[in-house]
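Look at the model first, then read on.

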Amino acid sequence: MIRSTLYNKFFFLLTFFIGFSSLHSQKKFTLVLDAGHGGSDIGANRNYSDIGSVQEKNVTLGIVLKLGRMLEKNKDYKVIYTRKIDEYPSLTYRTDLANRSKADLFISVHVNSSPSKSATAQGTETFVQGPNQNRANLDVAKAENDVIFLDERDKENFASYNPSSPESLIALKIQQSKYLEASLIIGGMVEDNFVKKDKRLSRGVKQENLHVLRMNAMPSILIETGFVNNYDDAHYISTEDGQQAIAESIYNAIVNYKKLVDRNVKEPEPEKPVEQPLKNDFRILLMSTPNKYNDQDPALKGLKYILPIKENGAYKYYYGTTNYASVRDTNLKTAKDAGFRNSMAISFVPNQALGTGYYTLEIYTGKDKLDSKSMILKMIPDIIRNKENGVFYYTFGKYKTLEDAIKAQKELDGKGIKNTIIEKRLK
Ligand SMILES: [Zn+2]
């Protein structure tokens, strides 16, 4: 139900993202190169009297094969192609391949065309995941647990990982925004090279809702290398020299991007003082209500590690336990993000004995008395029964500290008596 696993869980989520890139750096930097279109899907095309038919599928393959050849000479890179010949792999195949390969970077190469027959549009542009795609992207990341699990160890650690819990969602959201940030960086490098090295006209880096970008769980860019219906562009992208120059610009951007990633991994974080634990424990009070909910109740909005404590007839639902300020703040944010807008952090003195009163365990409440043959009565013969406003309350035990009560509650839980509630009685 709660508590002891909390530290592990949260620290794991935190260290997971710090460790994410370093795990990557130990293996080869994996790239998926995607030559747009292919086979019966010709893509953008145009016939010219002097240079003949310029077809997107041929241009993209030409550039990708040249780029791949350069990368393959460098043993730091592992290159995976979505196609190496004139065939048409589906878009789903392309993104599945990238996700399964746990690629570090996905690069899709395309050729542009503008709607008007008189081609005034010219130059290159690079697309990254659109601004409103986080939802779809997140769903992919959730579905692609294999992508998120980098190795067997992660899988073990994430054995209880629940993709729809708010804790995991927040972690995934952080990951998504990192992918977008990384995509913007590599996209900017590519366009920069087109301008500075190749003297091309750049239309910049843009966000758009495109399948190959939306469905990928890694930094991804889609490069439009020129307009097929602009004569100068068409000429450039259909020649060996033009394709080679484009491939080199992308190659240089990849090399620089990898350097940046490696530097981020290797450079030690600037001296951060180790966080000292606080004297008190902190739990997030989600709500105080006369209603009794069990773990799975929708009212708890999917949050786990809930500790209800009954006080003066009201049930107070607390989320998480920590004596670290950073975790307390994260827990509070998680609670608010989950919809408990008025939640607040409450401080508890650890192992504090109540001056007057005691803690007890509410084992069962109901309009009817427990049957004399019930398991609860058999297991706890000295259970105490009270009747209040027509409801029977069965309680058990007297504990001086909250920790003792939690321990007793856990023992009962282990024996099969679930959903008991700790009650604080001040007299
Ligand atoms: Zn295309």
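Two strands count as paired if DSSP finds at least two bridges between them. Helices (H or I, at least four residues) and strands (E, at least two) are DSSP runs, numbered from the N terminus. This is a predicted model: local features need pLDDT of at least 70, side-chain atom pairs count only at pLDDT 80 or more, and totals for chains, interfaces and linings use all residues. Residue numbers start from 1 along each chain as its sequence is written.

**The sheet.** Eight strands make an open, mixed sheet, in the order β12-β9-β11-β10-β16-β13-β15-β14. β12 (344-348) and β14 (384-388) are the edges; each has a single partner strand, so one side of each lacks a neighbour in the sheet. β9 (residues 281-289) and β11 (residues 314-322) run antiparallel, joined by six bridges. Methionine 287 sits opposite tyrosine 317 in β11.

Contact means C-beta atoms, placed from the backbone, within 7 Å. Angles run from 0 to 180 degrees between N-to-C directions, with axes fitted to C-alpha atoms, for helices over the stretch in contact.

| Helix | Strands touched or crossed | Angle |
|---|---|---|
| α13 (residues 402-414) | β12, β13, β15, β16 | about 35 degrees with β13 |

What does leucine 31 touch? Not counting residues up to four places away in sequence, its contacts include Leu71, Tyr77, Val79, Ile107 and Ile254.

Terms used
Two residues are in contact if their C-beta atoms, placed from the backbone, lie within 7 Å.
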